[in-house]
Amino acid sequence: MLPDRRSFLIAGGASVAGLDSSSANAQLADDEAKAFVAAHVKKLRPLEIAAGKAWWNANITGTDADFARKEERQNVIDAALADKDTFEKLKTIHGYIRKATKDPNLVRQIDVLYLQYLEKQVDPELLKKITAKANAVEQKFNVFRAKVGEKELSDSQVRKILKESTNSEERQKVWEASKKAGANVEGDLKELVKFRNEAAKQLGFKNYHEMMLFLNEQTAPELIKLFDELDDLTREPFAKAKAEIDERLAKNCGVKVADLMPWHYHDPFFQESPAVFDADLDAPFKSADILKLCEKFYDGIGLPIGDVIARSDLYEKKGKSPHAFCTDIDREGDVRVLANIAPTEYWMSTMLHELGHAVYSSKNIPQKVPYVLRGEAHILTTEGVAMQFQKFSKQRAWLEKMGVKVENPKAFDEASAKVLRNELLIFSRWCQVMLRFEKGMYENPDQDLNELWWDLVEKYQLLKRPAGRSAPDYGAKIHICSAPVYYHNYMMGQLFASQVHHTIAKEVYDNAEPSTVLYIGDKKVGDFMKKKVFEPGRTLSWKELMKFATGEELSAKAFAKDFRTK
Ligand SMILES: [Zn+2]
């Protein structure tokens with residue numbers, strides 16, 4: 001008879017906190033872990049459902065009362081996860097769980113909970129300082145207006161001028177004025193970074209960047225390796241795409257390509273594709289029923305979403321959030337989308353995106369997956385799925401097969417292919433700057449951050465540093481304050497989307513060329529997504545899921561293949 005793995009491992013020597021070498025005690029430990037999880041779920045599940053509903057309501061009504069309730073609900077959850085005694089118990093269990101049980105889902109639940117509780121173990125006084133500082137920065141952002149002469153410009157006015165003006169001098173003034181947002185928060189942001197680093201050190205990390213990655217089951221070396229690979233594979237196609245854009249930008253402003261400066265691009269950070277290709281991508285959507293198209297598409301691939309739509313809030317109204325999101329309220333199928341649908345390509349793509357999140361939820365993650373693990377494997381995997389479906393709104397073949405009439409097919413093809421390609425390439429180079437800057441800033445906050453920022457912008461985005469410029473331009477990007485160490489997940493989501501799509505092309509469509517694979521009406525696509533991506537929920541880490549779904553680790557290969565010059 002084979003030895004019982006559990007007692008074998010424990011008898012095998014390692015002394016485990018709270019355990020001695022007997023399988024009876026291992027059984028006790030196993031029971032203790034199960035009891036911990038059960039108590040957690042009993043306490044947190046109702047709190048999480050209430051918070052989910054409060055969040056939903058606040059975004060629908062926009063009232064102060066609903067926003068206050070939303071914050072209140074979140075505070076109750078944070079307080080529960082911050083509880084010292086509960087964390088001590090969890091830490092002990094986390095220390096021995098691998099040796100105490102054969103149940104991989106129990107180990108995984110303890111691992112996931114450990115990270116959730118760990119994040120909240122910062123000294124409450126320090127946490128208060130961090131929250132206050134972050135709020136102060138955010139508030140300064142909200143009231144900041146770029147000032148040119150005596151004229152104050154809103155964010156959208158800045159964007160409009162950068163999009164439309166053909167006067168280089170005006171562009172420069174507006175761009176420089178918009179960057180003052182950085183100088184405006186520089187002092188607060190630097191303090192915030194120090195506080196965040198202090199919090200990380202309290203929990204045993206070198207700095208905040210390292211801690212945030214750890215909490216999200218990532219490490220800096222593996223990210224840098226992945227982003228280096230992405231850099232190699234996108235450098236040339238990006239340079240080519242940018243050269244083509246530069247030519248048009250220069251022509252529009254009557255300057256030489258060599259004289260193009262950062263203010264000649266259409267947004268303050270060159271994170272988006274400048275609108276230089278005459279394209280009316282909106283035309284086919286003027287008379288299309290976006291909602292019906294989504295329903296038909298998802299239904300056709302065997303991932304129906306009628307129930308989600310019935311629960312959703314999809315059109316503009318007063319007080320409502322102007323954005324879009326998808327939320328899983330109870331992990332039992334109450335999944336909803338908030339949107340503000342208008343007849344444009346943007347909303348077609350946004351709805352495909354949000355409903356992508358919706359199908360990757362407790363709708364398709366079985367109830368037998370434990371509550372703690374009944375969600376997406378990682379933020380990057382759910383963003384990835386959403387992006388995988390989102391791209392179809394820019395493919396004519398897809399639109400036509402879905403019954404949407406495209407009046408000027410040739411113009412649409414040229415523009416849409418270019419826009420999609422440029423968007424992804426430009427975004428990938430911008431993400432390089434964000435990842436590497438944040439890493440550098442938290443590792444060494446006392447270095448010359450102005451210099452670091454422009455070194456990266458020059459290297460990855462191929463923009464020219466204005467002569468002698470030394471200003472905290474990084475500070476003008478609100479994510480650095482409000483969504484720290486997060487940006488790279490958007491990029492990794494794109495890599496995930498390409499890799500899964502290429503796998504579907506290979507396995508479901510018998511090695512078809514990925515760009516021709518449109519999914520329409522193929523229930524096999526839904527089956528693949530359910531079995532290979534959705535059903536494991538969080539029982540697998542994002543890395544394990546990647547291997548499970550595609551047979552390979554996450555890489556930039558598939559993403560880069562989508563840009564090979566044809
Ligand atoms: Zn999303």
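Is Lys394 buried or exposed? In this predicted model, in which local features need pLDDT of at least 70, side-chain atom pairs count only at pLDDT 80 or more, and totals for chains, interfaces and linings use all residues, Lys394 counts as buried, at 10% relative accessibility. Here buried stands for a relative accessible area under 20%, exposed for over 50%, and partly exposed for values in between, computed with a 1.4 Å probe on protein chains only. Residues are numbered from 1 along each chain as its sequence is written, and side-chain values use heavy atoms, with hydrogens and water left out.

Lys394 is placed in the loop between α14 and α15 (396–401), where helices (H or I, at least four residues) and strands (E, at least two) are DSSP runs numbered from the N terminus. With residues up to four places away in sequence not counted, Lys394 touches Leu281, Glu345, Phe412, Ser416, Val419, Leu420 and Glu423, a contact being defined by heavy atoms within 4.5 Å.

Because His353 and His357 are four residues apart in helix α13 (residues 345–359), about one helical turn separates them. His353 is buried, with a relative accessible area of 11%, and His357 is likewise buried, at 10%.

Helix α14 (residues 379–390) contains Ile379, which is partly exposed at 25% relative accessibility. Ile379 lies 18 Å from Asp330, C-alpha to C-alpha, at a sequence separation of 49 residues. Contacts of Ile379, not counting residues up to four places away in sequence, are made with Tyr486 and Asn489.

Tyr486 also takes part in the aromatic arrangement. The structure holds 29 aromatic pairs, a pair being two rings of Phe, Tyr or Trp (its six-membered ring) with centres within 6.5 Å, described as stacked for planes under 30 degrees apart, edge-to-face for over 60 and tilted for the rest. Tyr486 and Tyr490 form an edge-to-face pair, with 5.6 Å from centre to centre and 80 degrees between the planes. Tyr486 is partly exposed, with a relative accessible area of 28%, as is Tyr490, with 24%. Both belong to one aromatic cluster, whose members are Phe269, Phe427, Trp430, Phe437, Trp453, Tyr474, Tyr486, Tyr487 and Tyr490.

Charged groups also sit over rings, a description that requires NZ of Lys or CZ of Arg within 6 Å of the ring centre and within 35 degrees of the ring normal. The charged end of Arg331 sits over the ring of Tyr371, 4.1 Å from its centre, and Lys532 lies over the face of Phe548, 5.0 Å from the ring centre.

A search of the whole structure finds 44 salt bridges, each a side-chain nitrogen of Lys or Arg within 4 Å of a carboxyl oxygen of Asp or Glu. In one of them, Glu222 is paired with Lys543, the closest N and O atoms being 3.0 Å apart. Glu222 lies in helix α10 (residues 220–253) and Lys543 in helix α21 (residues 542–550), so this pair ties together parts that are 321 residues apart in sequence. Both partners are partly exposed, Glu222 at 25% relative accessibility and Lys543 at 38%. Asp334 forms a salt bridge with Arg336, with 2.9 Å between the closest N and O atoms; Asp334 is buried, with a relative accessible area of 14%, and Arg336 is buried at 14%. Through shared partners, salt bridges join Asp307, Arg311, Asp334, Arg336 and Lys363 into one network.
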